[in-house]
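Subject: Structure handover

Hello,

Here is the structure you asked about. Please open it alongside this email, and my notes follow below.

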Amino acid sequence: DRNDSLLLARLLALGETPVSYVPNKDFRCLRKLGRHYHNVSRMAAEIKTRMRWILNQGNHRGPLHLDSGSCQRWLLANAECLDYAAMFSFRQFLRQMETLEVDKAELVREMNLIAKRPALKNAFTRLREVPGFGPVLSFIVMAEIADFARFKSGDAIACYTGLTERTNESAGIR
C-alpha cells in the first residue's frame, strides 16, 4: 500500500534495504530437486488419503501402513471385501503409489550422489550430524539455505526458514 511504498522508498534512498540473494546455478538445481521431492511426497500422501477413504467407505481397516507392498498383501488376502468400483479405484491408486515410491527412491539416490560431491560433502556431513536430520532433510536444508555464511546467526536462519514467530503488519493493521 501507499505507506509501505513510502517506507521502502526511504529505505532505498538510505541504502538500508537488504541485498537480495540469488544462489548459483548449482544450488538452484538442488532446490528444484528438493522441491520436486516435496511434490512427489505430497502426491503420495494424497493417494494414501484416497486409498484410506476407499477402505473407510467399506468399513475396512486395511493395512496399518499404506505402502505398495502392504496394500498388495492386504488385497490378496481381502479382495472379496471390496466391491467392483472400490477394487478398481484401489488398484489404480496402488499402481500410482508404486510409481511414486520408485520415483522417491530414485530421487533419494540422486540426492545421495550429489551429497558426495567434494564441494558439498563436508556441509552435508555436518548437517547429517544434527539430530533428526537424515539424507533427504539434510539435502533440502542445504539446497534452500545454500550459503550459511550469509546469515549472522542461527536465529537469522530460523527467522529465514519461518521457524520463529512473526508479525504481519501493514498500514498500522496487525
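Start with Arg-150, which lies over the face of Tyr-21, at 3.8 Å from the ring centre. Arg-150 also lies over the face of Tyr-160, at 5.0 Å from the ring centre. A charge sits over a ring if NZ of Lys or CZ of Arg is within 6 Å of the ring centre and within 35 degrees of the ring normal.

Some ground rules. This is a predicted model: local features need pLDDT of at least 70, side-chain atom pairs count only at pLDDT 80 or more, and totals for chains, interfaces and linings use all residues. Residues are numbered from 1 along each chain as its sequence is written, and side-chain values use heavy atoms, with hydrogens and water left out.

Now the core. The largest nonpolar core has 34 residues. A nonpolar core is a set of buried Ala, Val, Leu, Ile, Met, Phe, Trp, Tyr and Cys residues joined through side-chain atoms within 4.5 Å. Buried means under 20% relative accessible area, exposed means over 50%, and partly exposed is in between (1.4 Å probe, protein chains only). Met-51, Leu-82 and Phe-90 have the most contacts inside this core. At least two core residues come from each of H2 (25–57), H3 (68–78), H4 (84–115), H5 (118–128) and H6 (135–145). H4 gives the most, with 11 residues. Helices (H or I, at least four residues) and strands (E, at least two) are DSSP runs, numbered from the N terminus. In soluble globular proteins, nonpolar side chains tend to be buried together.

What does Leu-82 touch, not counting residues up to four places away in sequence? The list is Ile-54, Leu-55, His-60, Trp-74, Leu-75, Met-87 and Phe-90. Contact means heavy atoms within 4.5 Å.

Take Ile-54 next. Ile-54 lies in helix H2. Ile-54 counts as buried because its relative accessibility is 8%. Leaving aside neighbours within four places in sequence, Ile-54 is in contact with Leu-82, Ala-86, Ser-89, Phe-90 and Phe-93. Ile-54 and Ala-86 are 32 residues apart in sequence, yet 6.3 Å apart in space, C-alpha to C-alpha.

Then the rings. The structure holds 4 aromatic pairs. Rings of Phe, Tyr and Trp (its six-membered ring) pair if their centres lie within 6.5 Å; planes under 30 degrees apart count as stacked, over 60 as edge-to-face and the rest as tilted. One of the pairs is Trp-74 with Phe-90, tilted, at 6.1 Å centre to centre and 50 degrees between the planes. This pair links distant parts of the chain, with Trp-74 in helix H3 and Phe-90 in helix H4, 16 residues apart. Trp-74 is buried, at 12%, and Phe-90 is buried too, at 0% relative accessibility.

Another pair is Tyr-84 with Phe-88, stacked, at 6.4 Å centre to centre and 25 degrees between the planes. Both lie in helix H4, 4 residues apart, about one turn of the helix. Tyr-84 is exposed, at 69% relative accessible area. Phe-88 is partly exposed, at 46%.

Last, the backbone. Asn-59 is not glycine, but its phi is positive, near 60 degrees. Asn-59 lies in the loop between H2 and H3. Is Asn-59 buried or exposed? Asn-59 counts as exposed, at 72% relative accessibility. Ala-146 is not a glycine either, and has a positive phi of about 65 degrees. Ala-146 sits in the loop between H6 and helix H7 (154–161). Ala-146 counts as buried, at 8% relative accessibility.

Best wishes
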